[in-house]
Amino acid sequence: MLMVGAEPATQPTPDVGPATVPTTSDSAPLATKPSAVSSEHEVPVASSLEQATGRFETALRKAREQYLRDLVELKRNAIKAEDLATANELNGLIDRLGGGAPPKIGKVQRVLVRADQDWQRSPVVVRAGDTLRLTATGTWILNDRDPDLTTYGPDGLRRDGTADFHGLWSVLWARIGYKVYYVGKGTLITAEQDGALEFRSNDFSLGDNRGAITVQVTRE
Ligand SMILES: [Ca+2]
């Protein structure tokens, strides 16, 4: 008789269902059953330090990735709501998640510059000699009593290319330390000092301003 493939007789396994209260006191002592480990964790306890560490690192990496996705989404919402303070705070957290490594060449950051605020510190911090490419888009309003007349781009021009004296106030400036740079619609700057990159409009009457300009900052 051919015996290939014949299974050894398996023991009929008792059906250990989901923690039922035994109604009868059988001869089998329940407390010593090895299968009654933990019902919350499907994964059995690690059998080596290496395995435990590997699992821990994987869980940590996944949590960090999720946290980063959450932060990026929250930042997107803050930018949409023109909430620069929150957007910058989130930017800082996102940067810190990077492990405090020095900023990489080619790194791109977006900063929202409000029309109604004085110098606004961005999360971009540079060292003297660093080169940044700044590109500004959008329009802001320099007097919300007359938005039609005073909606301007960061270059001091209206969308149609015209301007009156309000154009003087709409120009976008950047600052690092004591040094101020004209930005307009975009420029390439090399930092003369260490410090945070700041922005503001050229307007001195800020209370009646509205809107924000978006600046994309790229490390060259
Ligand atoms: Ca104004």
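**Sheet pairing, core and confidence in a predicted model**

Val 180 is found in strand E7, where strands (E, at least two residues) and helices (H or I, at least four) are DSSP runs numbered from the N terminus. The structure is a predicted model, in which local features need pLDDT of at least 70, side-chain atom pairs count only at pLDDT 80 or more, and totals for chains, interfaces and linings use all residues. Residues are numbered from 1 along each chain as its sequence is written.

Val 180 is partly exposed because 13 other C-beta atoms lie within 10 Å; a residue is termed buried with 20 or more other C-beta atoms within 10 Å of its own, exposed with 12 or fewer, and partly exposed in between, the C-beta atoms being placed from the backbone. Leaving out residues up to four places away in sequence, Val 180 touches Trp 173 and Arg 175, a contact being defined by C-beta atoms, placed from the backbone, that lie within 7 Å. Between Val 180 and Phe 199 the C-alpha to C-alpha separation is 9.3 Å, at a distance of 19 residues in sequence.

Strand E7 belongs to an open sheet of four strands, ordered E2-E9-E6-E7 with antiparallel pairing; two strands are taken to pair if DSSP finds at least two bridges between them. Strands E2 (120-126) and E7 (179-182) form the edges, each pairing on one side only. On average, neighbouring strands of this sheet are turned by 30° against each other, direction ignored, with axes fitted as lines to C-alpha atoms, for helices over the stretch in contact, and angles running from 0 to 180 degrees between N-to-C directions. Strands E6 (residues 172-176) and E9 (residues 195-201) run antiparallel and are joined by five bridges. Here Arg 175 stands opposite Glu 198 in E9, and Leu 172 has Ser 201 in E9 as its bridge partner. E2 and E9, also antiparallel, are joined by four bridges, with Gln 120 partnered by Phe 199 in E9.

At the level of the whole chain, four helices and ten strands are present. Of the 220 residues, 19% count as buried. Among contacts with a separation of 6 or more, 66% involve residues 24 or more positions apart.

The largest nonpolar core has 30 residues, and those with the most contacts inside it are Val 113, Leu 134 and Val 215; such a core is a set of buried Ala, Val, Leu, Ile, Met, Phe, Trp, Tyr and Cys residues joined through C-beta atoms within 7 Å. The elements giving two or more residues to this core include E2, E6 and E9 of the sheet described above, while E10 gives the most, with four residues. The core lies between domain 1 (46-101) and domain 2 (104-220) because both give residues to it; the domain bounds come from an automatic or database domain assignment. Beyond its neighbours within four places in sequence, Val 215 is in contact with Val 111, Val 113, Leu 134, Thr 135, Ala 136 and Phe 199.

The chain averages a pLDDT of 83, and 78% of the residues score at least 70, pLDDT being the predictor's confidence in each residue, from 0 to 100. Over residues 16-26 the pLDDT is below 50, and this stretch has three contacts beyond near neighbours in sequence. Residues 1-10 stay under 50 and have zero contacts beyond four places in sequence.

Terms used:
Contact = placed C-beta atoms within 7 Å.
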